Amino acid sequence: MSAVASASERVEAAIGAAERLDPTINAYLHLDPEGARAAAAAQPSGPLAGMPICVKDIVDVAGMPTTAGAEGWVRHPDGDAVVVARLRAAGAIVVGKGNTNEFACGIDGRNPHKGDCRNPHDPERLSGGSSSGPAAAVASGMAEAAIGTDTSGSIRVPAALCGVVGIRPTRGLVPAAGVVPLAWSLDAVGPLAADVATASLVLDAMAGRERPAPRAEVGGLRIGLATELLDLAEEPVAEAIGATVGLLREQGAEVVDIALPDLGRANAIHRLVQACEAAAVHAPWFGRQRDRYAPEVRARIEPGYSLGAEVYLRAQRHRRLFTGSFAASIRGLDAVLAPASPVLAPRIADEEIIVRGERHRTRVALLSCAMAFSQLDGPAVSVPIGLREGLPVGLQVIGRPHAEDVVLRIAAAAEGGA
């Protein structure tokens, strides 16, 4: 879409793409073409003026139902979530509510109640989740940007599989008021967009600030490469990341191999924290509607009711220890690189996949490079670095709290790959 296109032209392009493509992709659970057209006709102003956006359906939008991708659960909000209100004030136009794993509890984009969200690059493959609809909408031109949430990797993984930019910002930078929680101490709200400059612009509006677009400059930066996670990646992903590391070095960055703290232990801690907090979130209705939950979602929430306060508090203590160990392991570095997903988008039908000769559950494989970093308070970005076998590869850039500027500089330099 041309930079000089009117708000109405941009909205019509997004609606037209949705009408053509969404019967196959299933990115939207609720589309509001008339509301979007009326907003565009009002000639919005601001840094995002006329930008059509998709909002994950756990985020409240006035006049639209919030279903959280669930069966038998719905709320009709009187007003917008804070993040939606901020984007509207910046000139963005809500086109509709995006598909999600039930209650944002999943990483693959599958939903037995609302239908699976499919990958725009190949509809027989997973979009990733739980911000599946937002990522697929942006990748297919049904929106120029989107609001997602990330608890274990739910912005970064679908961004990687669909070939868009996804930012998990410093936790708390973007308010979560009006967002259905999954796990309070792990949830983060962030943007998805087709490129780093747009994603950065949307993030600033979400955070209630204005900053210059990130410069694609990495000269003088010292960046760590998480080689143990690169070793988990299938060959096309590892090859793309290796080529991009070479590109960053050509631009003046120093990239060094690093060892991280015990990520397996960190992932186990993450699962305990999430189970306990999700059980507390769902307590008001889980007992009454247990059978309406998809079996895999029920299996992730239910253990939280038996773990108890001592287990939860110990898990939080070990989470703090991991955070400290991570900070020590990256002392002297500006950021860390890792795959966002170690695999190209798996087929929807595949419950298991083979990576480097070993069989893994698809969900476990998709989470293996993202989950541990969700326990940190700093930003993590997935940036597309090209296609392999016709499917996108996402590079993950992880930084210290409030180091979005540095992380986005690296992402901008890596964008598109070598």
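Predicted model: local features only at pLDDT ≥ 70, side-chain atom pairs only at ≥ 80, totals over all residues.
Residues are numbered from 1 along each chain as its sequence is written, and side-chain values use heavy atoms, with hydrogens and water left out. Local features need pLDDT of at least 70 and side-chain atom pairs count only at pLDDT 80 or more, whereas totals for chains, interfaces and linings use all residues.

A cavity is a set of points on a 1 Å grid over the protein atoms alone where a 1.4 Å probe fits but cannot get out. There are 3 cavities of 30 Å³ or more. The largest cavity holds about 80 Å³, a volume being the space filled by probe spheres set on the points. Its lining residues (an atom within 4 Å of a point) include C105, T151, Q274, R300 and R363.

Strands are DSSP runs of E of at least two residues, and helices are runs of H or I of at least four, numbered from the N terminus. Strands β4 (residues 118-119) and β5 (residues 122-126) are paired antiparallel over 2 bridges, pairing requiring at least two DSSP bridges. The two strands form a hairpin with 2 residues between them, and N119 has D122 as its bridge partner in β5.

Most residues other than glycine have a negative phi, and most peptide bonds are trans. The bond from G129 to S130 is cis, with omega near 5°; S130 lies in the loop between β5 and α4 (132-139). A68 has a positive phi near 55°, in the loop between β2 (52-56) and α3 (82-89). F103 also has a positive phi, of about 55°, in the loop between β3 (93-98) and β4. Buried means under 20% relative accessible area; A68 is buried at 0% and F103 is buried at 3%.

Terms used. 1 Å grid on protein atoms, 1.4 Å probe; cavity = no way out; pocket = protein on both sides within 12 Å on 5 of 7 lines; lining within 4 Å. Buried < 20%, exposed > 50% of the residue type's maximum accessible area, 1.4 Å probe, protein only.
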